[in-house]
Amino acid sequence: MRTLLIAGLGDIAMRAMPYLTTHWRVLALCHHAAAARRARLGGAVPVSANLDDANSLRRLAGLADDVLITAPPPNHGVTDPRTRKLLYALTKGLRIPQRVSYISTSGVYGNADGNWLDETAQTNPGSD
């Protein structure tokens, strides 16, 4: 069974977890105990790491066949150093992921007060 690494255990990743765990051995990046508990409840194996700390990501090299990134970028700046650090760490193993899927944040639409939005909605981000 192939191994999937998930970076970002928010709502979208947790909703997808029942499907993902039937197709992959799922590892989930967790930087605090609550995320590790959520990962275990969803059927994933927690891996302690922090996307803002490149040193903590070193252990990820060679662990995953595929990667799902749902973690948001930092709240400032126009680049995503978190994803950059993760991808850099993943390329240091003897095997590298063959598929990387990135699901961007719906935060570009701002607070919709629970209303449904689609890609045609006007954007109203709260950060860069």
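A salt bridge is taken here as a side-chain nitrogen of Lys or Arg within 4 Å of a carboxyl oxygen of Asp or Glu. By this rule, five salt bridges are counted in the structure, which is a predicted model.

The strands of a sheet pair through backbone hydrogen bonds, in either the parallel or the antiparallel sense. In this model, five strands form an open sheet with parallel pairing, and their order is β3-β2-β1-β4-β5. Strands β3 and β5 are the edge strands, each pairing on one side only. Direction ignored, neighbouring strands of the sheet are turned against each other by 20 degrees on average. At the β3 side of the sheet, strand β2 (residues 25-30) and β3 pair in the parallel sense over four bridges. Cys-30 stands opposite Ser-48 of β3.

Helices pack on this sheet. Helix α1 (residues 11-23) lies across β1, β2 and β4 and runs at about 175 degrees to β1. Helix α2 (residues 33-42) touches β2 and β3, and its direction makes about 165 degrees with that of β2.

Helix α4 spans residues 81-90, and its buried residues are Arg-82, Thr-83, Leu-86, Ala-89 and Leu-90. These residues lie on the same side of α4 because they cover an arc of only 130 degrees around the axis. They pack against β1 (3-7), α3 (54-57), β4 (66-69) and β5 (99-102). The face of α4 turned away from the buried side carries Arg-84 and Tyr-88, which are exposed. At the start of the helix, a side-chain oxygen of Asp-80 comes to within 3.2 Å of the backbone nitrogen of Arg-82.

Arg-82 also takes part in a salt bridge, in which its side chain meets that of Asp-52 with an N to O distance of 2.7 Å. The two residues are 30 residues apart and belong to distant parts of the chain, Asp-52 to the loop between β3 (45-48) and α3, and Arg-82 to helix α4. Arg-82 is among the buried residues of α4, whereas Asp-52 counts as partly exposed, with a relative accessibility of 44%.

A further salt bridge joins Arg-95 to Asp-65, with 2.9 Å between the closest N and O atoms. Arg-95 is in the loop between α4 and β5 and Asp-65 is in the loop between α3 and β4, so this pair ties together parts that are 30 residues apart in sequence. The relative accessible area of Arg-95 is 37%, so this residue is partly exposed. Asp-65 has a relative accessibility of 13% and therefore counts as buried.

The side chains of Asp-66 and Arg-99 likewise meet in a salt bridge, at 3.9 Å from N to O. This distance falls inside the cut-off of 4 Å. Asp-66 lies in strand β4 and Arg-99 in strand β5, so the pair ties together parts that are 33 residues apart in sequence. Asp-66 is buried, with a relative accessible area of 2%, while Arg-99 is partly exposed at 47%. Both residues belong to a network of salt bridges that also includes Arg-2.

Thr-70 is placed in the loop between β4 and α4. At a relative accessibility of 17%, this residue counts as buried, the limit being 20%. Residues up to four places away in sequence not being counted, Thr-70 touches Ala-7, Gly-8, Leu-9, Ala-13 and Ile-103. With Gly-8 there is also a polar contact, in which a polar atom of the Thr-70 side chain lies 2.4 Å from the backbone oxygen of Gly-8.

Asp-113 lies in the segment after β5. The phi angle of this residue is near 50 degrees, a positive value in a residue other than glycine. Asp-113 is exposed, its relative accessible area being 66%.

Note on methods. Residues are numbered from 1 along each chain as its sequence is written. This is a predicted model: local features need pLDDT of at least 70, side-chain atom pairs count only at pLDDT 80 or more; totals for chains, interfaces and linings use all residues. Side-chain values use heavy atoms; hydrogens and water are left out. Buried means under 20% relative accessible area, exposed over 50%, partly exposed in between (1.4 Å probe, protein chains only). The arc is that of the directions from the helix axis to the C-beta atoms. Contact means heavy atoms within 4.5 Å. A polar contact is a pair of N or O atoms within 3.5 Å; within protein, one must be able to donate a hydrogen and the other to accept it, and residues adjacent in sequence count only if both atoms are side-chain atoms. Two strands pair if DSSP finds at least two bridges between them. Axes are lines fitted to C-alpha atoms, for helices over the stretch in contact, and angles run from 0 to 180 degrees between N-to-C directions.
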